[in-house]
Amino acid sequence: MPRWLRDNALTAAMLGAFLVFLVLQSVFGWQTHNEELAEFGAAPLSWPAYLTSGHFAEAVFENWESEFLQMGGYVLLTAYLVQKGSAESKPLDQTDRPEDDARRATPQSPWPARAGGLPLVIYRNSLSIALLLIFAGSFVGHLLGGTAAYNQEQALQSGAPPIGVWDFLGTSDFWFQSMQNWQSEFLAVGVLVVLSIVLRQHASPESKPVTVAHAETGA
């Protein structure tokens, strides 16, 4: 295995799987959407045209939205809350890590840690900020795609006039789509937090070592 691939294998595997499943989602979604169009006697879409449709955008961003909300929320919550015995929690008596103190910055430290001031304040929270910004962008993508998909569906079924983005934001349909994903994401993380108390996966940084007691907190 080339060294660059070995050093970045986890990222390559995750992004590779993402691309494969995104393409498969688009293909199966395209087929499903054309079946729906056929039921109403509408012309089918080409695959490239489907990729710009509200049906596809809604499905993609609806899921990204929940994923990045969960990840951003998780990063923030684990900074302040603990769970005794969980590998996903920091130690019970830990407030801040010594390495987070900018006074311990070295020449090899990232430049905001050496610069101090506002760059340091932003950098200290940059991971959660980035994740929540991606959530916000995905939320907007879900809203725009969902509005387009809703208007097309209403036009096919009843010939109803289109509604605006703010009108769709106020529909139960939009929030049902969001909540069905949000709740599942936080359930999955909550289950991981609890199961990591008593279960192990050797060699994984998401697990405590196999020989460590259940009550010990932190990976």
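How many aromatic pairs does the count come to? The count comes to 11 aromatic pairs in this predicted model.

**Stop 1: Tyr 50 and Phe 56.** Tyr 50 and Phe 56 are both buried.

**Stop 2: Trp 175 and Trp 182.** Now select Trp 175 and Trp 182. A pair of aromatic rings is described by the distance of the centres and the angle of the planes. Here the centres lie 6.5 Å apart and the planes stand at 90°, so this pair is edge-to-face. Is Trp 182 buried or exposed? Trp 182 has a relative accessible area of 18% and is therefore buried, since buried means under 20%. Trp 175 counts as partly exposed because its relative accessibility is 33%.

**Stop 3: the negative patch.** Switch to the surface and select Glu 35, Glu 36, Glu 39 and Glu 153. Together they form a patch of negative charge. Which helix gives the largest share of the negative patch? Helix α2, residues 9–39, supplies 3 residues, the largest share.

**Stop 4: Glu 35.** Finish on Glu 35, a patch member that is found in helix α2. Its relative accessibility is 53%, so Glu 35 counts as exposed; the cut-off for exposed is over 50%.

Definitions and conventions: Residues are numbered from 1 along each chain as its sequence is written. This is a predicted model: local features need pLDDT of at least 70, side-chain atom pairs count only at pLDDT 80 or more; totals for chains, interfaces and linings use all residues. Side-chain values use heavy atoms; hydrogens and water are left out. Patches are made of residues with over 30% relative accessible area and no salt bridge: like charges are joined within 9 Å, nonpolar side chains (Val, Leu, Ile, Met, Phe, Trp, Tyr) within 5 Å. Accessible areas come from the Shrake-Rupley method with a 1.4 Å probe; for residues, only the protein chains shown count as cover. A salt bridge is a side-chain nitrogen of Lys or Arg within 4 Å of a carboxyl oxygen of Asp or Glu. Lys and Arg count as positive and Asp and Glu as negative; His and the chain ends are not counted. The place of a charge is taken as NZ of Lys, CZ of Arg, CG of Asp or CD of Glu. Helices (H or I, at least four residues) and strands (E, at least two) are DSSP runs, numbered from the N terminus. Buried means under 20% relative accessible area, exposed over 50%, partly exposed in between (1.4 Å probe, protein chains only). Rings of Phe, Tyr and Trp (its six-membered ring) pair if their centres lie within 6.5 Å; planes under 30 degrees apart count as stacked, over 60 as edge-to-face and the rest as tilted.
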